Amino acid sequence: MVLKKKDVVELQIEDLAFGGRGIAKLDGKVIFAEDGLPGDFTKVMIKRIKPEYCEGRVVEIINPSQYRIEPLCPHFDVCGGCRWQNFEYDKQLEYKAEQLKNNLIRIGGIENPNLEPIIGAKKIYNYRNKMEYSFNQDRNGELLLGLHYAGFFDRVFNVEKCCLQSELSSEIVVFIRDECNRLKLPAYHIRNHQGLMRFLVVREGKFTDETLVNIVTSDQYEGYDDRLLEMGNNLAAKFENINSILWTINSKKANIAIKDMLPPMLNNGIINGRDYIYETLNNYRFRISSDTFFQTNSFQAKILYDTIIEFAEFDKLDEVVDLYCGTGTISIYISSLVKSVVGVELVASSIDDANINAKDNGIHNVEFIAGKVEDVIKELGAFNKMIIDPPRAGLHPKALKGIIEIKPETIIYVSCNPSTLARDIAGFIEVGYKLSKAVAVDMFPHTYHIEAIAKLELM
């Protein structure tokens with residue numbers, strides 16, 4: 001059968017690809033189907049035709065999979081977020097574990113990887129400690145505040161409730177949206193770069209019940225500053241349990257909720273409270289600022305760190321380097337088990353928080369260095385154990401080369417991308433390392449995202 005764009009074909013969804021799309025076959029040709037789940041018998045509209053595969057979208061479910069369930073979220077049909085909320089959680093775990101295994105075999109070149117059973121989450125809703133909401137306008141000029149429509153970077157719908165964060169977070173979103181409309185604060189336009197309101201960021205300490213709210217605007221605030229401050233103070237009066245209310249500025253065109261300026265009339269952007277909150281893991285307390293990285297699932301972060309300790313088998317003689325250390329959470333978490341830890345992180349503000357975290361926790365055997373890993377690693381001394389937790393792109397080639405030159409006897413690689421994890425593991429295997437074991441940890445229920453831990457040992 002010769003397929004054309006917009007053809008609609010009946011297909012049985014057999015599997016899931018990394019990224020969450022269903023996999024079907026027609027006359028031996030693979031078809032990736034958006035919104036398809038294994039076991040679905042569907043009608044799929046063809047969107048793209050490639051020599052080796054096609055891409056399409058499910059337009060009708062003729063017979064639903066036995067694993068398809070009713071999603072809890074009222075915005076599920078339009079939101080681009082947790083696309084597996086209609087998929088039984090046990091099956092989510094099964095497919096996530098399989099995707100890690102397939103990447104290690106296919107990309108890592110490991111014939112039979114030693115995988116421990118995936119570690120699932122006990123709390124599968126309201127688990128996120130950070131959410132970023134976007135402002136926009138509808139066709140009538142009405143301000144919107146919520147999340148993006150699936151597949152659209154420039155379209156936003158009003159969120160009434162997000163099942164991944166707390167009830168308080170949803171209430172804050174509704175309050176800020178109503179205040180913006182009342183005070184006539186205009187939304188920022190992502191295409192013409194005019195307007196004021198850009199993002200609302202809510203961060204929470206799940207074990208401390210502390211909350212930080214960051215209102216991110218453009219630099220076009222002249223004439224609106226009094227109204228912004230009024231809104232912030234009204235928010236503080238409405239929700240007395242918010243510990244930090246900030247106003248920060250992103251003056252760049254990049255559509256990210258990160259500040260590059262602060263309002264000159266405020267101290268560190270503080271409208272009310274302080275410019276950070278605390279989260280606790282085990283007996284350690286961690287300071288979290290508006291832009292610093294912290295694992296977005298506090299409940300699973302503890303399990304992730306405990307698994308790192310189990311894999312690494314630390315002792316009091318170990319000298320450890322923690323690459324891409326963020327705010328120093330892992331370094332501090334393992335500090336009592338080892339002789340010393342050196343953490344390396346690019347973001348200077350994260351290093352500032354890491355040093356404060358170490359001081360607040362009375363930790364004296366950790367040191368933090370600000371800089372690119374691929375540059376700093378050349379200056380590091382010898383370490384017998386190493387923890388690596390890079391961004392989704394994995395290790396920079398120079399970082400990989402520098403690690404190989406240090407020759408740590410044990411490497412614990414933490415990754416949110418199984419394909420780049422497998423690629424980098426293959427690089428370590430080429431120079432004499434062995435993958436001893438690996439495990440997937442589900443940090444993000446109802447999404448296709450996977451966190452994995454791998455233990456590499458020098459042979």
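Guide: A contact means that heavy atoms lie within 4.5 Å. In this predicted model, residues 24 or more positions apart account for 64% of the protein's contacts with a separation of 6 or more. Residues are numbered from 1 along each chain as its sequence is written, and side-chain values use heavy atoms, with hydrogens and water left out. Because the model is predicted, local features need pLDDT of at least 70 and side-chain atom pairs count only at pLDDT 80 or more, while totals for chains, interfaces and linings use all residues.

Visitor: How many helices and strands are there in the protein?

Guide: Helices (H or I, at least four residues) and strands (E, at least two) are DSSP runs, numbered from the N terminus. The protein has nine helices and 22 strands. Its radius of gyration is 24 Å, close to the 23 Å that the globule rule gives for 459 residues, so the protein is as compact as a globular protein of that length. That radius is taken over C-alpha atoms, and the rule is 2.2 Å times the number of residues to the power 0.38.

Visitor: What percentage of the 459 residues is buried?

Guide: Buried means under 20% relative accessible area, exposed over 50%, and partly exposed in between (1.4 Å probe, protein chains only). Buried residues make up 54% of the 459. One of the buried residues is C54, at 0% relative accessibility.

Visitor: How many disulfides does the structure hold?

Guide: A disulfide is a pair of cysteine sulfur atoms within 2.5 Å. The structure holds zero disulfides. For the sulfur of C163, the closest cysteine sulfur, in C73, is 4.6 Å away, too far for a bond. C163 is buried, with a relative accessible area of 4%.
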